[in-house]
Amino acid sequence: MADTLLRVEHLNKYFSTPKGTLHAVDDVSFTLERGKTLGIVGESGCGKSTLGRTILRLIEPTSGSVFFEGIDVARLGRTQLRKARKDMQIIFQDPFSSVDPRKTIFETISESITTQHLIQSREKIEERVLELMDTVGLSERLINTYPHELDGGRRQRIGIARALAMDPKFIVCDEPVSALDVSIQAQILNLLRKLQKEKGITYMFITHDLAVVHHLADEIAVMYLGRIVEKAPSEELFKNPLHPYTKALLSAIPIPEIIENRKRIILRGEITSPIDPPNECRFAKRCEFCTEECRRKEPELIEVTPGHFVACCEVRKGH
């Protein structure tokens, strides 16, 4: 039986705006096994980052449940949540703005250790910080340097070391390589894969780059306007995409080789507003296969083959 670390049930995060209620995350449910990586992909503004931060309760959920090792994080009080944060960390997207420019590497990495009172003596704290720096590939000589003295790759390694300081079981990686150049991206991705193998860390990897997540994730969930429209094992999703939106995303991946008959799918039509969306498929206005049924109700995420879930009326008819 699979060891489920994280179970999200009907999670919602809405924001009030002058024009109505913005549905940033809408009825999202999934499970994540211990030691595995779930990739979350989709266009900018689809709710990927909001989902990650809501799961960690960096922003409060509107409704729904987030079970971490069987405990509903969404219901924890302040003291209990603070204890739970040791096991749930985040690596932010921008290595420039996610670290305090007034703090040295030592102060940044040691802050959570000190706040959680994990180690008392200064000597032991410094020993732990040097250990973490070595783990993420930062030279010991940099311990008293400031962020502005380092390049983006080293800054991102600080963020990873800070996340690892608590020995977490689960890390949300919020587009951790999108602000880095390609060669540095590869180094950071290899580091994350190495840490997972050595420490058994579970990742939720948020990205807009399908080529990156293909090689890192065990499963991939595709989001569109706050909802998951397809979820499947990584290889299965790439070999057999079912949702029209997933097919369009995959067709946009740059391929270095010349492939005959490779058709780029161009999405046309109006994007449905996430503010008080109608009870219909949110992709309907951009979908060439849209029917009257798609306009009558929001399709549910249904398992059409083992482990492969899709929210599409037309796809389900064929299974």
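## Helix α1 and the residue after it

Helices here are DSSP runs of H or I with at least four residues, numbered from the N terminus. The model is a predicted one. Just past helix α1, R57 has a positive phi of about 60°.

Helix α1 itself spans residues 48-55 and is mostly covered, with six of its eight residues buried. These buried residues are K48, T50, L51, G52, T54 and I55.

## A negative patch on the surface

A patch of negative charge lies on the surface, where E123, E126, E127, D134 and E140 gather. One of these residues, E126, belongs to helix α4, which covers residues 122-135.

E126 is partly exposed, at a relative accessible area of 33%.

## Cysteines without a disulfide

A disulfide is a covalent bond between the sulfur atoms of two cysteines. The rule used here asks for a pair of cysteine sulfur atoms within 2.5 Å, and by this rule the count is zero disulfides. C287 takes part in none: the nearest cysteine sulfur, that of C312, is 6.1 Å away.

C287 is buried, with a relative accessible area of 17%. C312 also counts as buried, at 9% relative accessibility.

Methods. Residues are numbered from 1 along each chain as its sequence is written. This is a predicted model: local features need pLDDT of at least 70, side-chain atom pairs count only at pLDDT 80 or more; totals for chains, interfaces and linings use all residues. Side-chain values use heavy atoms; hydrogens and water are left out. Patches are made of residues with over 30% relative accessible area and no salt bridge: like charges are joined within 9 Å, nonpolar side chains (Val, Leu, Ile, Met, Phe, Trp, Tyr) within 5 Å. Accessible areas come from the Shrake-Rupley method with a 1.4 Å probe; for residues, only the protein chains shown count as cover. A salt bridge is a side-chain nitrogen of Lys or Arg within 4 Å of a carboxyl oxygen of Asp or Glu. Lys and Arg count as positive and Asp and Glu as negative; His and the chain ends are not counted. The place of a charge is taken as NZ of Lys, CZ of Arg, CG of Asp or CD of Glu. Helices (H or I, at least four residues) and strands (E, at least two) are DSSP runs, numbered from the N terminus. Buried means under 20% relative accessible area, exposed over 50%, partly exposed in between (1.4 Å probe, protein chains only).
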